[in-house]
Amino acid sequence: MSWSLPQELASVHLVFHISMLKKCIGNPSLIITTENISIKENLSYGEVPVQILERHFCKLRTKEVASVKVLWRNQFVENATWEAEEDMKNIYPHLFESGEVSNQY
């Protein structure tokens with residue numbers, strides 16, 4: 001039997017180690033079509049920051065570093081991660097315009 005990937009996934013390597021295989025009972029409702037997923041050339045996808053959930057200060061020896069918990073959305077999944085507040089302000093200033101970030105100490 002011959003398998004081929006869709007053209008948009010042509011850069012995916014076809015060889016993988018057998019230890020990566022797991023028994024699977026298919027569920028057609030969980031199948032996601034590749035038309036809905038925008039995969040870049042380097043096989044990554046973009047995440048969009050939705051909002052800042054929390055703010056936290058970490059005290060180091062000589063300074064305090066502010067971190068923010070960012071809610072990210074990609075394709076169909078939401079995920080929250082802690083990021084440096086300064087970096088997020090530089091890249092996504094619109095997230096800080098409302099000023100509704102809760103302080104956590």
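Strands E1 and E2 pair up in the antiparallel sense over 10 bridges; strands count as paired if DSSP finds at least two bridges between them. Strands here are DSSP runs of at least two residues, numbered from the N terminus. This is a predicted model, where local features need pLDDT of at least 70, side-chain atom pairs count only at pLDDT 80 or more, and totals for chains, interfaces and linings use all residues. Residues are numbered from 1 along each chain as its sequence is written, and side-chain values use heavy atoms, with hydrogens and water left out.

**The strand pair**
- A hairpin of 4 residues links E1 to E2.
- Arg 55 has Val 68 in E2 as its bridge partner.

**Ser 67**
- Ser 67 sits in strand E2.
- Why does Ser 67 count as buried? Its relative accessible area is 17%, and buried means under 20% (exposed is over 50%, partly exposed in between, with a 1.4 Å probe and protein chains only).
- Leaving aside neighbours within four places in sequence, Ser 67 is in contact (heavy atoms within 4.5 Å) with Glu 54, Arg 55, His 56, Trp 82, Glu 83 and Glu 85.

**The nonpolar core**
- The largest nonpolar core has 7 residues: Ile 52, Val 68, Val 70, Trp 72, Met 88, Leu 95 and Phe 96.
- Strand E2 (residues 64-74) gives the largest share of this core, 3 residues.
- A core like this is a set of buried Ala, Val, Leu, Ile, Met, Phe, Trp, Tyr and Cys residues joined through side-chain atoms within 4.5 Å.
- Beyond its neighbours within four places in sequence, Phe 96 touches Ile 52, Val 68, Glu 85, Met 88 and Lys 89.

**Val 12**
- Val 12 lies in the segment before strand E1 (48-59).
- Val 12 is partly exposed, because its relative accessible area is 32%.
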